[in-house]
Amino acid sequence: MSKKCLIFEAYPYFSGSQRITLNVCKVLKKNGYSITLVIADDFSNRLTKEFSSVADDFVYIRTPKILKKYGSGDSWLTLKKLPKAFLMGLLPFYYRSIAAIPKKKYDFGYFCDPRGAVMILPAFIFFCHKKIFHFHGRNKLSSFFAKLLLKFSDVVLCVSNDVSESLPKTDNKLVVKCMQAGGLARTTFLDILPITYCFYNIQ
């Protein structure tokens with residue numbers, strides 16, 4: 001019986017972190033995992049095309065307008081903007097996520113960066129046995145907010161020591177350097193195996 005995982009993609013485009021997620025999915029697929037990819041919008045159908053060879057199921061969730069702001073320049077992930085974003089964007093997204101995801105228990109859920117964590121953690125807490133948080137860049141959140149996200153994640157994968165050190169101290173951080181976008185495209189299956197070990201070791 002294959003293990004089941006939920007993979008969440010919070011951005012409607014295909015770039016560095018999405019390439020990492022795709023490679024993680026390839027490793028998991030080769031190791032017999034059943035993958036359900038949860039996508040927050042896919043305007044150009046690019047994500048569907050890129051992940052079609054590895055995902056067993058797709059779940060599409062419409063993102064409220066207030067959350068369709070990307071990058072640090074106009075982010076809703078600030079103390080000033082978060083209350084409004086929570087009421088007008090996150091609460092509706094939480095409802096849609098829980099309603100859309102197939103009602104079954106998954107061995108783990110995987111998501112990337114604070115945006116992904118804030119958008120999907122409530123649903124993953126409901127559906128997933130373990131939650132894996134991939135931190136792709138240096139932490140820019142307040143210490144309190146970062147600690148909160150780390151607390152609700154079982155494993156935090158960091159692409160470098162620099163990223164790991166930017167986060168609050170916690171026992172669930174793990175540095176996996178081969179996840180870096182620049183090198184990942186050239187790695188072999190064996191190079192990416194440490195990522196898979198992370199999933200095996202949190203049973």
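Trainee: What makes Phe 86, Leu 87, Met 88 and Leu 91 a nonpolar patch on the surface?

Mentor: Together these four side chains have about 390 Å² of accessible area, a value from the Shrake-Rupley method with a 1.4 Å probe, where for residues only the protein chains shown count as cover. Patch members need over 30% relative accessible area and no salt bridge; nonpolar side chains (Val, Leu, Ile, Met, Phe, Trp, Tyr) are joined within 5 Å, like charges within 9 Å. Phe 86, found in helix α3, has 35% relative accessibility, so it passes the 30% cut-off.

Trainee: Before we go on, what kind of model is this?

Mentor: It is a predicted model, in which local features need pLDDT of at least 70 and side-chain atom pairs count only at pLDDT 80 or more, while totals for chains, interfaces and linings use all residues. Residues are numbered from 1 along each chain as its sequence is written, and side-chain values use heavy atoms, leaving out hydrogens and water.

Trainee: Which residues gather in a patch of positive charge on the surface?

Mentor: They are Arg 62, Lys 65, Lys 68, Lys 69 and Lys 84. Lys and Arg count as positive, Asp and Glu as negative, and His and the chain ends are not counted. Each charge is placed at NZ of Lys, CZ of Arg, CG of Asp or CD of Glu.

Trainee: Why is Lys 84 called exposed?

Mentor: Its relative accessibility is 52%, and exposed means over 50%, buried under 20%, with partly exposed in between (1.4 Å probe, protein chains only). Lys 84 is therefore exposed, by its 52%. The residue lies in helix α3, residues 82–100; helices (H or I, at least four residues) and strands (E, at least two) are DSSP runs numbered from the N terminus.

Trainee: Where is Asp 41 found, and why is it called buried?

Mentor: Asp 41 is in the loop between β2 (34–40) and α2 (46–51). Its relative accessible area is 9%, so it falls under the 20% limit and counts as buried. Its phi is also worth a look: near 75 degrees, a positive value in a residue other than glycine.

Trainee: Which residue's side chain makes a polar contact with the side chain of Asp 41?

Mentor: That is Thr 63, at 2.7 Å. A polar contact needs a pair of N or O atoms within 3.5 Å; within protein, one must be able to donate a hydrogen and the other to accept it, and residues adjacent in sequence count only if both atoms are side-chain atoms. The 2.7 Å separation is within 3.5 Å, so the pair qualifies. Thr 63 lies in the loop between β3 (57–61) and α3, and with 2% relative accessible area it is buried.

Trainee: What about Asp 113: is it buried or exposed?

Mentor: Buried, because its relative accessible area is 13%. Asp 113 is found in helix α4 (residues 113–127) and has a positive phi of about 65 degrees although it is not a glycine.

Trainee: How do you know that the side chains of Asp 56 and Lys 29 meet in a salt bridge?

Mentor: A salt bridge is a side-chain nitrogen of Lys or Arg within 4 Å of a carboxyl oxygen of Asp or Glu. Here the N to O distance is 2.6 Å, so the pair meets the rule. The bridge links distant parts of the chain, 27 residues apart: Asp 56 is in the loop between α2 and β3, and Lys 29 is in helix α1 (residues 16–30).

Trainee: How many salt bridges does this rule count?

Mentor: Five. Another joins Arg 46 and Glu 50, at 2.8 Å, N to O. Both lie in helix α2, four residues apart, about one turn of the helix.
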